[in-house]
Amino acid sequence: MPVITYRQALNDALAEELERDENVVVMGEEVAEYNGAYKITDGLWKRFGGKRVIDTPISEAGFIGLGVGAAMMGMRPVMELMFWSFAYVAYDQIINNAGCVRYMSGGLINCPLVIRGPANGGTNVGATHSHTPENFLANTPGLKVVSPATPYDAKGLMKSAIRDNDPVCVMENTLLYGDQGEVPEGEYLIPIGVADVKREGTDVSLIAHGRAVLTALAAAHRLHEEFNISAEVVDLRSIRPLDEETVLASVRKTHRAVLVDENKPFCGVSAQIASMIQERAFDDLDAPVQRVCSLDAPAIYSPPLEALQLPTADRIIQKVLAIS
Amino acid sequence: MSVTRAEKPKKTGRNPVDYATAAINADLTKEQKLGFLADMLRIRRFEQASLKLYQQGKMGGFLHLYIGQESVAVGTLALMGENDHAITAYRDHGHALVVGMSMNECMAELLGKATGCSKGKGGSMHFFAPDKNFWGGHGIVAGQTPLGLGIAYALKYQGLKGCCLTYLGDGAVNQGVYHESLNLASLWDIPVVYIIENNQYSMGTSLARSSASKSCLAERAEGYNIDWDIVNGEDLYEVRAKTWDAIERAHEKCRPTVLEIDTYRYYGHSVADANAKKYRKPEEIEFYKQNHDPITLWENRLKEEGILDDAGLKKIDEAAKKEAAAAVQFAEDSPFPEVEDIFSDIYYEVDMGTESGQTGRHFFND
Ligand SMILES: Cc1ncc(C[n+]2csc(CCOP(=O)(O)OP(=O)(O)O)c2C)c(N)n1
Ligand SMILES: [Mg+2]
């Protein structure tokens, strides 16, 4: 199977969908002539032209709103946010318009929009550029939120997001863009709302999304090598809709859960998962559900410290040992 | 084409320019002219009936009445062709009726009934009829301004000769997203027509206390290289003539326009507006009612033209009242939505039972 980067996987997904459906357009700051701030859209403008791949001014509220209006009319705009952190100036358009228009119109209008871009800390760009708003977005019934961790998932989820008839927020990660992984040549889709067990285990379930999945996998490896503990790693892949059954099946097997989440702890995604596990698998648990989140402060700039602010394999291992 | 407020016809007395002779008005039939009167009266009678329901405590939330502004919706929306679309803010009842939504579905929506245009899920501020090219009904001030842009962008993308009439208030012009939209509209040659319904107040704040400008609000378009005009909203002929210029500019040149239509609302910002009589004098409201009521002025005009008499007027008005009364009856007789209905119309894929709608949990109740 060919090995390509997460970036290339996204690029392939966009290109294939642009090719397949002329209602698809890609818009955002620097996506066309500059080939993308993170080169996700590299070559697309040259290949598809300025009608399909469009540079916008720095007006997130304006162009995301434009995308919502175009989606209401049946187009499938894919809107790039240079960082999801910049979504905050467009929040009204995302939550009130994309998220609520179907409901408020009694189902008369739908909004097949994709909003995508990186949502991660860990790149030493300070608090304003390091937000992970997947929990805020998933809090809005009407929005869908996915967070791929691997090139394979990135491509399959992006294609599903574009074909979905509801607004989908795709949370990417600049630290993953260069990661390599196997991606099959032909067409495939990954359904939204289906989690994936990335490593099987019997002693504890590590449950994560996005880059935290990789941190959990690193921790699982060391738990096995150093402590002879068999950790299962569940990748949520999709946050809303949420594949609760895969999570619960894992917890019922291992009887212990440690949730790994680059969100902040207060009302982060893992808080939702923890609540769900105690409600539905309380009797299966041999220990309290534990969480490893980003340390609860704005993202610090200082490089060695920011690395510690995000979940680390060390912190995961400590939590696992504490309940084993 | 731009004029400054100083040159604008004074609000009192007859418009010195007779827009009745403008091309878009010259060929109007008697039936069409009477139709405009009927539509304005339908809006007024509908809203008066809704006010009663509100005062009887049968409605939740806000009720923003359009009364006094009827000539704007009727004058502009009646110009819509097959590929023209419209979107507005929360003061949306007038627009809804003019595009052809029924009084029944609108009144039922006000009462939160399952037979409402949004099945009782939107309420007064959120009426929609995409089948009539009407995209709402939006509650966040200026939030609709980029949506109108996107609708017009989609028309252009699809190769259709159309435009999107995008309404906003005199207070909404101070929101950033409106300015982002103007820039995009001009930069990308998008066939959108922004229509500022300047009723002189945003809630309790007068124009003078909210907006800095040299002469008017539309003039800000100048900075974005967008054509603009100001319009005397009480003259239906003028509203039509100037809006038609803007629509033609969108159709023929694919260029945006900003129109500022002077108008006036008689009621409080919403019916719940406790300060309705504090930020402006009752005499001011009375003055507008006496001298600038768009319906009275249109009636007088039609009488002068010899196509309306008192008996004819009465007949049209009675029909509007009857239609409104029947809508009240329909709304009152209609059922409320069921509790299960809370969970439909959120995700298309779930409602349609598609594969994508069946993977993962979408709602997080017990
Ligand atoms: C973003 C936002 N801020 C404030 C409000 C509350 N609000 C609703 S209408 C309104 C006044 C708007 O006035 P204007 O734009 O002139 O429209 P009009 O009500 O006169 O039609 C305000 C402050 C809101 N709905 N949305
Ligand atoms: Mg106003």
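How many helices and strands does the secondary structure of chain A come to? I counted 12 helices and 14 strands in chain A, taking helices (H or I, at least four residues) and strands (E, at least two) as DSSP runs numbered from the N terminus. I then looked up the radius of gyration: chain A has 19 Å, close to the 20 Å from the globule rule for 324 residues, so chain A is as compact as a globular protein of that length. The radius is taken over C-alpha atoms, and the rule is 2.2 Å times the number of residues to the power 0.38.

I noted that this is a predicted model, in which local features need pLDDT of at least 70 and side-chain atom pairs pLDDT 80 or more, while totals for chains, interfaces and linings use all residues. Residues are numbered from 1 along each chain as its sequence is written, chains are lettered from A and ligands numbered from 1 in the order written, and side-chain values use heavy atoms, without hydrogens or water.

I recorded a C-alpha trace spanning about 55 × 40 × 40 Å along the principal axes of chain A. Buried residues (under 20% relative accessible area, 1.4 Å probe, protein chains only) make up 62% of the 324 residues. Of the contacts (heavy atoms within 4.5 Å) between residues at least 6 apart in sequence, 80% join residues at least 24 apart.

Lastly I examined helix α3(A), residues 60-72. Its 13 residues reach 18 Å from first C-alpha to last, close to the 18 Å expected at 1.5 Å a residue, where the expected span is 1.5 Å times one less than the number of residues. I found 13 of its 13 residues buried. Just after α3(A), G74(A) takes a positive phi of about 105°.

Conventions
Buried means under 20% relative accessible area, exposed over 50%, partly exposed in between (1.4 Å probe, protein chains only).
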